[in-house]
Amino acid sequence: MKYLILLASILILNLACFADEAEMSFDQQFARARTAYDDGNMDEAIKQFQGMIDQGCQDVEVIYNLANAYFKNNNLPEAVWYYRHAWYMAPRDPDI
């Protein structure tokens, strides 16, 4: 019985950790992605920016930064795809 309670407690704590990750605010997710990008960890930056887009984020800055991360990671087809997506969203933005 003791082990069952311990196991249930561990399971609940693990689920709480995943819930915190899912409920992270846009600013927190963006900051985490930018930190990875600035540190040169393009795989993590791509993962974070892509996760934001997968959750429904349609912010042009996120899409543009994802394109930059793909470019710096030498994945040109994905970079072009997201650069074009960002450009369609903000065609007059001189950075894009």
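Q: At what angle do helix α2 and helix α4 pack?
A: In this predicted model, α2 covers residues 26-38 and α4 covers residues 60-72; helices here are DSSP runs (H or I, at least four residues), numbered from the N terminus. Axes are lines fitted to C-alpha atoms over the stretch in contact, and angles run from 0 to 180 degrees between N-to-C directions. The two axes sit 11 Å apart, and the angle is about 20°.

Q: Are α2 and α4 roughly parallel or roughly antiparallel to each other?
A: Angles under 35 degrees count as roughly parallel, over 145 as roughly antiparallel, 65 to 115 as roughly perpendicular and the rest as oblique. With an angle of about 20°, α2 and α4 are therefore roughly parallel.

Q: Which residues of α4 make the contact with α2?
A: Contact means heavy atoms within 4.5 Å. On the α2 side you'll find Phe26, Phe30, Arg34 and Tyr37. Their partners in α4 are Glu61, Val62, Asn65, Asn68, Ala69 and Lys72.

Q: How is α2 placed against α3, roughly parallel or roughly antiparallel?
A: Helix α3 takes in residues 42-54, and its axis lies 7 Å from that of α2. The two pack at an angle of about 155°. That makes the pair roughly antiparallel.

Q: How many nonpolar residues does the contact of α2 with α3 have?
A: Ala, Val, Leu, Ile, Met, Phe, Trp, Tyr, Cys and Pro count as nonpolar, Asp, Glu, Lys and Arg as charged, and the others, Gly among them, as polar. Residues meeting here include Phe30 and Ala33 in α2 and Phe49 and Met52 in α3. Besides 2 polar and 3 charged residues, the nonpolar count is 9.

Q: What pLDDT does the chain average?
A: Local features here need pLDDT of at least 70, side-chain atom pairs count only at 80 or more, and totals for chains, interfaces and linings use all residues. Residues are numbered from 1 along each chain as its sequence is written, and side-chain values use heavy atoms, leaving out hydrogens and water. That score is the predictor's confidence in each residue, from 0 to 100. With 76% of the residues scoring at least 70, the average is 83.
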